[in-house]
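Open the model in your viewer and keep the selection panel handy. The tour goes from a helix to the strands and then to the cores.

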Amino acid sequence: MPRSLCSRCQRPEKQCYCKALKDETACMDIIILQHPRESRHPLNTARILELGIGNCEVWVGEDFSAHSQLLRTLAEKNCYLLFPGANARASQDVLQTERPEVLIILDGTWRKAKKIWVRFFSYDTATPIYRSLR
């Protein structure tokens, strides 16, 4: 007999954490670009963030180059990517001088996250977030 799942967190009802979540709002919008395999991971911490932080969204995919909402966000807002790289800046340095409006996080194994990076963020459309946090 299949276990009944919580409709909100998708965990078995005995492992539901919804009552422990408190509605929070982050100081900037958070967008998590999640690899499809991560969305099926049993813990799925991105789901926990999305359920607990009101201005957090999780978008699932591998190639975001035609994602209209992401492209619009990049064009209209001051966005930063949380990802290591040669031009990465420490978050405390960025926050001393700038006011990011959106933090973008890649959710996947290093290999999967790098695929998302290569397929989208290495394009010229990623210029607003070329200065990434580390």
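Start with the buried residues of helix α2, which pack against β1, β2 (56-60) and β4; contact here means heavy atoms within 4.5 Å. This is a predicted model: local features need pLDDT of at least 70, side-chain atom pairs count only at pLDDT 80 or more, and totals for chains, interfaces and linings use all residues. Residues are numbered from 1 along each chain as its sequence is written, and side-chain values use heavy atoms, without hydrogens and water.

Select 45-52, helix α2: its buried residues are A46, L51 and G52. Buried means under 20% relative accessible area with a 1.4 Å probe, protein chains only. Helices (H or I, at least four residues) and strands (E, at least two) are DSSP runs, numbered from the N terminus.

Next, select 102-107. This is strand β4, with five of its six residues buried. Pairing requires at least two DSSP bridges between the strands. Find L33; its bridge partner in β4 is L106.

C79 stands opposite V102.

Finish with the cores. Which residues touch the most other members of the largest nonpolar core? Of its 15 residues, they are L33, F64, L70, I104 and L106. A second, separate core of six residues includes I30, A46, I53 and V58. Such a core is a set of buried Ala, Val, Leu, Ile, Met, Phe, Trp, Tyr and Cys residues joined through side-chain atoms within 4.5 Å.

Terms used: Buried < 20%, exposed > 50% of the residue type's maximum accessible area, 1.4 Å probe, protein only.
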